[in-house]
Amino acid sequence: MSISSQEICILPNKNNLALLQTNGMPGNLYNICSNLPATPTRLERLLRDRELRKYSKCLNDCEAELPSSTQDCFSPDLETSTCWFNDEELLEPVSASRSLNDDGERLDFRASKQRLLVVANRLPVSAVRHGEDSWQLEMSVGGLVTALLGVKEFDTRWIGWAGVNVPDEIGQKALAKALDEKRCIPVFLDEEVVHQYYNGYCNNILWPLFHYIGLPQEDRLATTRSFQSQFDAYKKANQLFADVVNEHYEEGDVVWCHDYHLMFLPKCLKERNSKMKVGWFLHTPFPSSEIHRMLPSRLELLRSVLAADLVGFHTYDYARHFVSACTRILGLEGTPEGVEDQGKLTRIAAFPVGIDSERFIKALELPEVQDHMKVLKQRFAGRKVMLGVDRLDMIKGIPQKILAFEKFLEENPNWRNKVVLLQIAVPTRTDVPEYQKLTSQVHEIVGRINGRFGSLTAVPIHHLDRSLDFHELCALYAVTDVALVTSLRDGMNLVSYEYVACQESKKGVLILSEFAGAAQSLGAGAILVNPWNVTEVAYSIGYALNMPADEREKRHHHNFKHVISHTAQEWAATFVSELNVTIVEAQLRTRQIPPPLPIEVAVDRYSCSNNRLLILGFNATLTEPVDTLGRKDSQINEWEPKLRPDLQEPLRKLCDDPKTTVLILSGSARNVLDDNFSDYNLWLAAENGMFLRVTTGDWMTTMPENLSMEWVDSVKNVFEYFTDRTPRSQFEVRETSLIWNYKYSDVEFGRLQARDLLQHLWTGPISNASLDVVQGRRSVEGAAIDRILGEIVHNKGMKEPIDYVLCIGHFLTKDEDIYTFFEPELPSEVPASVRPQVPTQVRTSTAGSRAALLLKQNSMSAVEQNKSYSIDGDTLHLMVTDRISFQEGSSVLDLQANDYFSCSVARKRSNSRYRLQSSDEVVTLLRELADHR
Ligand SMILES: O=P(O)(O)OC[C@H]1O[C@H](O[C@H]2O[C@H](CO)[C@@H](O)[C@H](O)[C@H]2O)[C@H](O)[C@@H](O)[C@@H]1O
Ligand SMILES: O=c1ccn([C@@H]2O[C@H](COP(=O)(O)OP(=O)(O)O)[C@@H](O)[C@H]2O)c(=O)[nH]1
């Protein structure tokens, strides 16, 4: 069986399982029932949502063409608009969305339009004060604003900073009122916070780091205060955003947090209200984990983002880097769906943003735009026009662009009077010294080149240090021949989308940096360049200017199709839809969380019973909880588990009770258990039950003696080879197993190596052996526990059957079979994949809610050997197990359903019946039991 097929076949059971939990049945796995209606998969839900959206859009489009009387019979009380702005260009009435429900009835979505709180550092408008209580609102510049202005399917409120310091109450009230009309809610940040949070931590630390520019040096840091104070301000600002969200939040709202300014926000929000639906989207690249790990606050930031339910990025690469940072830096598990921490899954996915393409296309018809176009055409008649539109930011590669243009002019004298570059460089973040330096640098280069190639009447570069209004910008996009986007890194770059949207008639050429997110979507139609390679860019300029019409047409068509179908509306709808689905899934998963152990009941049943078996895990059950800050720490200080001092007394009492048998079942080696428990009168099962001893006796193996270990030598070489080739992996030969452990190696490399190793074993040294490959589902306990039990019963000379079992542990999923092994309510028809791997003969009776294990002591005989693999996260075990048969005999286990307590410790998901929060609760429980003999 292959690893991946095993994974696939488990998933549907989980869904069925989760449904059953609503019946209030105790426990988990044994509730599986095959005749339940299948719960839809995520993909099914998302596809359905998409269909509904398409249908709804289609209805809206048709409706726009229908006579008004027909519209009325669809929906007599249409709302006119839920748009945020009254600005003419943005005012597009949003009509009601409708669709069909499952039974084909027409639904009116408008009535249930989802409330969306968009939280971003920047509001779509920036405020300019004109008097004590008078404000003027101007459109903000930047791709985030552009993208979010396209979001119209929701009942949206925008929460953010208005870009201005408002220290007085009168001013704050007046501004809040003005913004309210635009459906915006301000977050007021004082000057010092803005300086340290926005100019400092956001734009001088996170921004350059996320764009691979690196961190500022110490001396530069000193000018903007210390890193720590900037980070403190960052957290403070995020908390202020959270306060405003909490104030305006209504139950059921979707809260969508945006960008690197607000990485702390998901955590602040979830801490206050864990039920809030929180999504977070990053508009910049997320760099390789090797870059992210440079950040002193790397752990905190990752953890805070992971508090969100859904985390989105523009591209798969950014998402991949984020998952990799979580696995490498936090030591968490990355799955194809996201990142998992203690059973809590944060979904991670790519959602490439788009623009409101219709807004641009329609704008071209407007008289104002037409007028601008006319002027521009006259002004540049007889010359080809190249266009650059960027915020004046170091990531946009403006100097590189201009230098490439210079090189082109240098090498192509025939073009010198025939081409002009219009560079719109919108001032941005002007309080940050790096941006001020960039402005001077660009001015200097432009001046030099214009001096070199200009004349009295014409210059090759027109550089504009200001923003344009929407109409001017559309006109520029429409009349120019080539757009030059040379970002050194760029989350997406919407300018390239806007250029394509406005070029339906001219079919201009887009030269696009391969380091912009947009390269992944517009790469096929654009000319892709490496902006660092000035020669290549210069060559591409020539290629673009000389491109024949049919090639331009083909390239443009390809990109245009993408731009009009991957819109900002679609982006937002997809994100929110996925967030909703993620929440549903999380709810289904939460139902798998076992309920808290009813301690009183467990104690009560304990005192009524006569022959009790307590099976206790060791690590994180009887030991102090470990708080590992990250992978690195746990690597350096190899952790030696120690029994909690406060458990010594209750444990001793329990062990000395003649009616109670205590078994410590652990993955630890024998010496570790010896060190901790030699003084107690109990049973120890080391290495997951491979070895057993009563503390008054010697260690014995639980495996039958005549097991063949011939396979070991042939496999040992392979293990040794992989240990050599995988830094920090370890190889251990135990008596009955070989263990290759790569938990301290690079996670991804370790996994790849494990796969390679297995593949090699399958096809090589053990190809003829009968093998099971099991991933995280099974360890040796399933097979060994019956032998352990037999040994205990025999050794103690038990006269009456065990009538009470308490099994507590912080077991790995693969080891959780122990819980189901004793489960009296596990029906015999439960699928093999979820049943413990015990010989069927052992369970001779599972009638009603009573399990009886019948075996005759000392009659175990190995009838069939079976080698098995188990890959548990980062350890590969190769071991020998066996299938054994028992002859029927006396009954050693007579367990009623309410006398069985399986209990996981500090695990969010488990197959146990109950859970205990931490080992502190284990102490409470064992103390209580010890007092009830
Ligand atoms: O708000 P500012 O500090 O003035 O900066 C403007 C915005 O710049 C960044 O935009 C990014 O978002 C775009 C849309 O997703 C994307 O196309 C572009 O590549 C990014 O650079 C920043 O991420 C925003 O938060 C700023 O508002
Ligand atoms: O004078 C200007 C220049 C640019 N933009 C807008 O600023 C955004 C820039 O977004 P992009 O994703 O390209 O980069 P960002 O600036 O967000 O990094 C685009 O929507 C432009 O239309 C604008 O409104 N006025």
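Figure 1. Of the 16 residues around ligand 1, the ones that come nearest are Gly142, Gly143, His283, Gly491 and Met492, where a residue is near a molecule if its C-beta atom, placed from the backbone, lies within 6 Å of it. This is a predicted model, in which local features need pLDDT of at least 70 and side-chain atom pairs count only at pLDDT 80 or more, while totals for chains, interfaces and linings use all residues. Residues are numbered from 1 along each chain as its sequence is written, and chains are lettered from A and ligands numbered from 1 in the order in which they are written. Helix H4 gives the most to the shell around ligand 1, with three residues; helices (H or I, at least four residues) and strands (E, at least two) are DSSP runs, numbered from the N terminus. By class, this shell has five nonpolar, seven polar and four charged residues, with Ala, Val, Leu, Ile, Met, Phe, Trp, Tyr, Cys and Pro counted as nonpolar, Asp, Glu, Lys and Arg as charged, and the others, Gly among them, as polar. At least three residues of the shell around ligand 1 come from each of domain 1 (114-350) and domain 2 (357-566), the domain bounds being taken from an automatic or database domain assignment.

**Figure 2. The surroundings of ligand 2.** Ligand 2 is surrounded by 17 residues, and the closest are Gly143, Thr146, Ser467, Leu494 and Val495. At least two residues of this shell are supplied by each of helix H4 (143-149), strand S14 (384-391), strand S15 (419-426) and helix H18 (494-501). The shell around ligand 2 contains ten nonpolar, five polar and two charged residues, and it draws at least three residues from each of domain 1 and domain 2.

**Figure 3. Domain 1 beside domain 2.** The chain is divided into domain 1 (114-350), domain 2 (357-566) and domain 3 (599-704 + 779-846 + 894-931). The C-alpha centres of domain 1 and domain 2 lie 30 Å apart. Between these two domains, 17 residues of domain 1 are in contact with 17 residues of domain 2, a contact meaning that the C-beta atoms of two residues, placed from the backbone, lie within 7 Å. On the side of domain 1 that touches domain 2, the elements that give two or more residues are H4 and helix H6 (191-210). The residues on that side of domain 1 divide into five nonpolar, twelve polar and no charged.

Figure 4. Six strands form an open sheet with parallel pairing, in the order S16-S15-S14-S17-S18-S19, where two strands pair if DSSP finds at least two bridges between them. Strand S16 (461-464) and strand S19 (527-529) are the edge strands, each of which pairs on one side only. Neighbouring strands of this sheet are turned by 20° against each other on average, direction ignored, with axes taken as lines fitted to C-alpha atoms and angles running from 0 to 180 degrees between N-to-C directions.

**Figure 5. The hairpin of strands S4 and S5.** Strand S4 (residues 125-131) and strand S5 (residues 134-139) run antiparallel and are joined by six bridges. A hairpin connects S4 to S5 through two residues, and Val125 stands opposite Met139 in S5.

Figure 6. Asn493, found in the loop between strand S17 (482-485) and H18, has a positive phi of about 90° although it is not a glycine. Asn493 is buried, because 27 other C-beta atoms lie within 10 Å; a residue is buried if 20 or more other C-beta atoms lie within 10 Å of its own, exposed if 12 or fewer, and partly exposed in between, with C-beta atoms placed from the backbone. Arg728, in the loop between helix H27 (711-725) and strand S25 (730-733), likewise is not a glycine and has a positive phi of about 70°. Arg728 counts as partly exposed, because it has 14 C-beta neighbours inside 10 Å. Pro658 has its place in the loop between helix H25 (645-655) and strand S21 (660-665), and it is exposed, because 8 other C-beta atoms lie within 10 Å.
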